[in-house]
Amino acid sequence: MSTPSNLPRTTSPPSQASVVIVGGGMAGLSCAAALARHGISDVVLLEAKTLAHAGASSFGETRMFREMYSDPVLCRLAQEANRLWGEEEVQAAEPLRETHGLLFYGESWDEETIEGSIPGARRVMDDQGIPYEALRSEEIRARFPLKPKPTFTGLFEPTAGAVRSDRVIAHWTRTARNAGHQLIEHCPVAGIDADGAGVSLENGHHISADQVVVTSGIWSQLLLAPLGLAPKLEVWPMLWAHYTVDPALANRYPQWFCFQQQRGDDGGLYYGFPVLSHTDDGRPRIKAGIDWAPKELRVAEPNAMTTEPPARLVELLDAFLFNEVDGIQERVDTVISPYSMTSDVNFILDRLTPNLSLFAGGSGQAFKFAPLIGDSLARLACGDQPAVDLSCWSHQRDAVRA
Ligand SMILES: Cc1cc2nc3c(=O)[nH]c(=O)nc-3n(C[C@H](O)[C@H](O)[C@H](O)COP(=O)(O)OP(=O)(O)OC[C@H]3O[C@@H](n4cnc5c(N)ncnc54)[C@H](O)[C@@H]3O)c2cc1C
């Protein structure tokens with residue numbers, strides 16, 4: 001018997017739709033799934049390449065979720081997103097997150113990084129009653145296979161963990177297809193109508209739409225600039241990799257983020273996950289990455305971003321893993337994925353015109369907010385307002401005005 005998810009998929013675009021979504025990453029797919037829940041069935045999602053492909057920002061098996069934010073507004077929005085993840089998991093009938101805690105550790109200095117800071121996060125968690133453990137360097141060393149410097153301190157948020165992003169993408173894809181949405185791959189959009197009432201495809205086809213939602217990540221500028229609506233965004237090439245680890249330590253790795261001040265060309269911010277996957281030949285591996293991009297590699301033009309892992313960044317990531325983490329055996333791959341960055345490291349989620357909405361600027365933080373982002377974009381496309389106050393993500397704020 002056929003079920004909606006295994007019916008043949010239409011790949012030729014229609015001429016009309018209630019909602020057209022441009023981009024099939026986290027934001028576009030979460031919006032498509034949320035529109036299904038809002039009862040909108042006539043939805044077309046157009047993806048230039050393939051859903052959540054390796055050259056865009058949503059690729060990979062894991063993303064961190066946490067409430068440990070230095071910004072009280074983001075902390076509250078992360079709490080709301082966690083509530084929505086719970087509902088999402090009920091609908092998916094499978095866990096979409098692994099809750100194993102998150103360790104923030106490192107130096108404390110009087111500055112916020114793009115991920116916040118240890119003292120800032122501690123203040124906000126105290127104010128909002130979020131449970132955490134404060135750890136000294138020797139306690140971190142005793143508990144985890146990490147080698148913190150004697151001056152380091154740590155915060156452990158036990159209710160944080162990893163979103164299984166690949167599972168989430170598959171869940172939204174199923175949800176959207178089961179609702180009858182058309183998700184069309186290899187279908188680049190060339191332009192958005194000046195009045196926002198449709199899109200033109202690179203193959204010359206036109207789709208009229210009541211609402212257009214732009215979720216094209218680092219490529220948003222290219223579609224919005226001709227309309228005079230492009231926000232100010234930078235593209236950062238971000239390096240991450242998998243390392244095999246000593247099987248004897250495999251179940252002791254925490255999810256961690258290390259804060260250190262910049263020294264020379266070492267930006268100082270590194271992160272890693274527990275063992276959540278294995279190599280094809282069965283060796284346990286962790287995912288780790290650096291959380292800065294050198295100024296000379298940041299670009300405004302998305303197609304100008306380097307896609308080759310720069311040798312110096314690979315060298316710095318290797319040096320951190322092999323020197324500061326116990327049991328690291330071998331780097332088995334390296335990947336460059338882009339951050340879409342605003343100057344205040346906050347997102348843009350807003351209605352740009354009465355029938356055109358945008359999500360962009362997801363930086364290294366937006367995946368944990370995905371159910372909130374999807375629901376909010378769906379509400380905008382239905383002519384409503386987001387269910388919570390998202391004025392901090394306005395496209396009108398000074399930080400994103402081009
Ligand atoms: C290395 C890395 C680590 C991260 N870690 C975390 C984390 O730990 N926790 C967390 O919460 N977040 C994290 N993030 C952030 C999060 O993953 C991103 O913010 C999010 O995935 C962005 O999704 P998106 O849908 O906006 O963009 P994308 O995933 O880039 O999707 C945009 C899509 O639009 C398509 N497109 C572009 N132009 C067109 C066009 N003209 N026509 C049709 N399609 C088009 C693209 O091909 C692409 O598929 C991380 C991001 C990266 C890169």
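I looked up the pairing of strand E15 (residues 270-278) with strand E16 and found six bridges between the two, which run antiparallel. Strands here are DSSP runs of E with at least two residues, helices are runs of H or I with at least four, and both are numbered from the N terminus. Two strands pair if DSSP finds at least two bridges between them.

I note that this is a predicted model, in which local features need pLDDT of at least 70, side-chain atom pairs count only at pLDDT 80 or more, and totals for chains, interfaces and linings use all residues. Residues are numbered from 1 along each chain as its sequence is written.

I then followed the E15 and E16 hairpin, which has five residues between its strands. In the turn, Gly-282 has a positive phi of about 90°. Tyr-270 stands opposite Ile-290 in E16.

I next examined the other partner of E16: five bridges join E13 to E16, and these strands run antiparallel. Ala-241 stands opposite Ala-288 in E16.

Are the residues of E16 (residues 284-290) buried or exposed? I found seven of its seven residues buried; a residue is buried if 20 or more other C-beta atoms, placed from the backbone, lie within 10 Å of its own, exposed if 12 or fewer, and partly exposed in between. Both faces are covered, with Pro-284, Ile-286, Ala-288 and Ile-290 on one side and Arg-285, Lys-287 and Gly-289 on the other.

Finally, I turned to the ligand. Strand E13 (234-245) supplies at least two residues of the shell around the ligand, as do helix H1 (26-37), strand E3 (63-65) and strand E17 (328-341).
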